[in-house]
Amino acid sequence: MMPNSVQYKTIDEVDFVVVGSGAAGGVIAKELSTNGFRVVVLEQGPRLTESDFVHDEIKVFKENLLTNHPELQPNTFRRTANEKAKLQRAIAYGRCVGGSSIHFTANYWRFHEVDFREHSRFGPIAGTGIADWPISYAELEPYYGKVESEVGVSGAAGASPFDPPRSKAYPMPPLPVKSSGVIFERAGRKLGWHPFPTPMAILSQPRAGRGACVGCGFCWGYACEVGAKSSTLASVIPMAERTGRCEIRPNSYVCRLELNEGGRVSGVVYFDEKKNIRKQRAKAVVVSANGAETPRLLLNSANKQFPDGLANSSGLVGKYLMFNSNARSVALFEHPLNDYKGYADSRAIHDFYELDPEKVGFYGGGALDARFDFTPYFFAVGGLPPETPRWGAAFKGALSHNYVRTMEIHSSGTSLPLETNNFSLDPDVKDAWGLPALRMTYKDHADDLKLITWLNDRALELLDAAGAQKKWTLPIAEQQFSVQLLGTCRMGNDPKSSVINTDHRTHDVKNLFLCDGSSLVTSGRGQPTMTIQALAYRAADRMTALAKRGELGA
Amino acid sequence: MDETRTRRKFLLQGVGGISAAWTATHWPAAVAAALHARGAMQSSSPTAFEFFTTEMAAEIEAAAARIVPTNDTPGAREAGVVCFIDRALMTFTKNDQELYHEGLKQLQARTRELYPTIPKFSSATPEQQDEILRSLDTGATQSDRPFRPGPEGQGFFETLRQHTILGFLIDPDADRRGNKDGVGWRVIGREREHMFRPPYGHYDAGYRGWEQTQTEPENK
């Protein structure tokens, strides 16, 4: 808790409870409290500070310092509904104040116009739920600008000829290029492609009381110990608290939303740190718990009026789960890149953002970026050429030669929305609080795998053009794990085919809003957090307008 | 040279060697990074095993020294990997205690089986030790990736291999008793710093700055 920040009683009926303090929840809390509303943010994880943000691979990846813990919060996985789901970690998300914005890579390009119009452009595609968004890029454009200036994004406006129109430049220049970025840029241009500085939610210059990036290199998976990475904890949450109207309440694990007789949400029931049940009363509730936990909360809140889950008259809560297809190729170069320094990725290519299905034979599109996001241990067990001995002098020799001479190209692309890919409640497994655990059912569409293989071939082509001494690809297979959890409470105009409307309000419950990865209609081409935050700024504007019209009172 | 102290001094004394302008721009961040280094002050206590007996530790140390051997550069032995594993088995990987007990028995049994005159693994020659370990190495079915579930029923050798590498390369300023004096990072060419300025490597050293591509994209 920040000194002097407000504390509400659970019996106080606040204006809004926001469930989750991550990319979307943090922004919404800041906007609503700035607009004069009283806001309580319930965050299931602890409030960590910069001194907790160490570079210890064990603490971060094995002890889950920043993320959901698979033993306390188990999930099950199956590929199809015919299989019996088994215990197998399928998701990782931020579980601390700031959510996944704490440990993300911070790759922050905007979605393009096509990302909102997939059905008009490519559809229909049999057996899929491909659809246009009910809002356009143009409607979201000003909010992208707000993310860039308030949350803090470094980049070069107009650097990619494929970029959608923008009304203002980035507030900061791009971060310094890395060796991997220079290699990528030169080889990409040689091939006639259009590499550009990757927009990153990392400060390249001091801004709003925050320091600039010091180039420690521990970005992906780690928290930034200097606050240069633009998590909501570093950026908008302090602004929310400074209003004196927003309380961030950590260690508050929400288990249920309660309805009153009028069919409106009357409050949010949660476990406090000591596992005591509490209920925070509120006039309206915003769930920004991520694409897995948001549908889970609705399904766990089933009641007489909504036996299949709250706000689930469409039956689509938890359905149309999308990740982003992705692949990684690794390459070895003659001279040291020292790519462990700096941050993750400095150059990207959007030439293949919108592929013509007639030409390539499948639906989709995506991006390539140049990066190095192996920390030392994970490099040693996963970053060496596949034929390298796994131990002994030859292993050590390769490790000590390659670590500073290696880079990666990361490909990311579309995932088709399929109703058969979804989150549901596991009938047997419970979490440490006794709540039904998540069950993921997921199998990639064949086009997603074709696309990512095609994109990865472009990555290999680029590495050849760059004169890599050696190159190889990490196995491409059907995904059974993701950190990008999208589409599970999709937005739409029709209550039969969507869960929320364009105000992010559920079609079924008038004072309940959902905003996070679950709102997405289609997957974009990777790096969805920027768009989730633009949606959050827009959603907060809509909520403010509705509240001021008196539509949210009980 | 005591690198821990050097680094701490470097950070606390106001980022010596870096230009005043840079320091002014980055000062709050530099201070935070200095605080970050404080973990270093708590590390390096004398060797006292919490899980292993001295005899067990000698066997584990000998095996780890074949996984990351000492040659012209330091290996698992110099990095104190056995101390790291000892603590690991009392902290984040308690579940593997039984695996180590069984694995040590297996190591002993395999040594006697292959070399009946040799009393224990640690008494064998390096070549013999490699032979013994090869016979226990069933291969990794998949690599260890962040957050991903590991392969089920992973055996003793693969666990020891991963723990040895982890103990060799873990952040020396994490309080884990591994990567003693940062030798593992020195071997792989990683500087023991947490602040870096460009140019970072060979290829960006002569970079002249971002220039807009002049050509117009074709429609793909």
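Over all chains, the count comes to 52 salt bridges, a salt bridge being a side-chain nitrogen of Lys or Arg within 4 Å of a carboxyl oxygen of Asp or Glu. Side chains of opposite charge can pair when their charged atoms come close. The model is predicted, so that local features need pLDDT of at least 70 and side-chain atom pairs count only at pLDDT 80 or more, whereas totals for chains, interfaces and linings use all residues. Residues are numbered from 1 along each chain as its sequence is written, chains are lettered from A and ligands numbered from 1 in the order in which they are written, and side-chain values use heavy atoms, with hydrogens and water left out.

One of the salt bridges is formed by the side chains of A:Glu63 and B:Arg176, with 3.0 Å from N to O. A:Glu63 lies in the loop between H2 and strand S3 (75–78) of chain A, and B:Arg176 lies in the loop between H8 and H9 of chain B, so the pair joins two chains. Helices (H or I, at least four residues) and strands (E, at least two) are DSSP runs numbered from the N terminus. The loop between H2 and S3 of chain A also holds A:Asn64. The phi angle of A:Asn64 is near 55°, a positive value in a residue other than glycine.

The interface of chain B and chain A was examined next. Contact, defined as heavy atoms within 4.5 Å, involves 67 residues of chain B and 79 residues of chain A. The size of an interface is often given as the accessible area lost when the parts come together. Between chain B and chain A the buried area is about 6,600 Å², of which carbon and sulfur atoms give 62%; this is the accessible area (1.4 Å probe) that the two parts lose on being put together, summed over both. Across this interface, 6 salt bridges are found. There are also 25 residue pairs in polar contact between the two chains, both residues being at pLDDT 80 or more. A polar contact is a pair of N or O atoms within 3.5 Å; within protein, one must be able to donate a hydrogen and the other to accept it, and residues adjacent in sequence count only if both atoms are side-chain atoms.

On the side of chain B that touches chain A, at least two residues each are supplied by helix H2 (20–36), helix H4 (54–67), helix H7 (126–136), helix H8 (156–169) and helix H9 (183–188) of chain B. H8(B) gives the most, with 7 residues. The residues of this side divide into 31 nonpolar, 18 polar and 18 charged, where Ala, Val, Leu, Ile, Met, Phe, Trp, Tyr, Cys and Pro count as nonpolar, Asp, Glu, Lys and Arg as charged, and the others, Gly among them, as polar.

Pockets and cavities were defined on a 1 Å grid over the protein atoms alone: a cavity is a set of points where a 1.4 Å probe fits but cannot get out, a pocket is an open set with protein on both sides within 12 Å along at least five of seven lines, and lining residues have an atom within 4 Å of a point. Grid points are joined across faces, edges and corners, and a volume is the space filled by probe spheres set on the points. The second largest pocket holds about 1,200 Å³ of space. Its lining comprises 37 residues, and A:Lys62, A:Glu71, B:Asn95, B:Pro149 and B:Gly150 are the closest to its centre. Two or more lining residues come from each of helix H2 (57–62) and helix H9 (376–382) of chain A and H8 of chain B. H8(B) provides the largest share of this lining, 4 residues. The lining of the second largest pocket divides into 13 nonpolar, 14 polar and 10 charged residues.

The structure holds 4 cavities of 30 Å³ or more. The largest cavity has a volume of about 120 Å³ and is lined by 17 residues, of which A:Gly217, A:Phe218, A:Tyr340, A:Phe374 and A:Thr375 lie nearest its centre.
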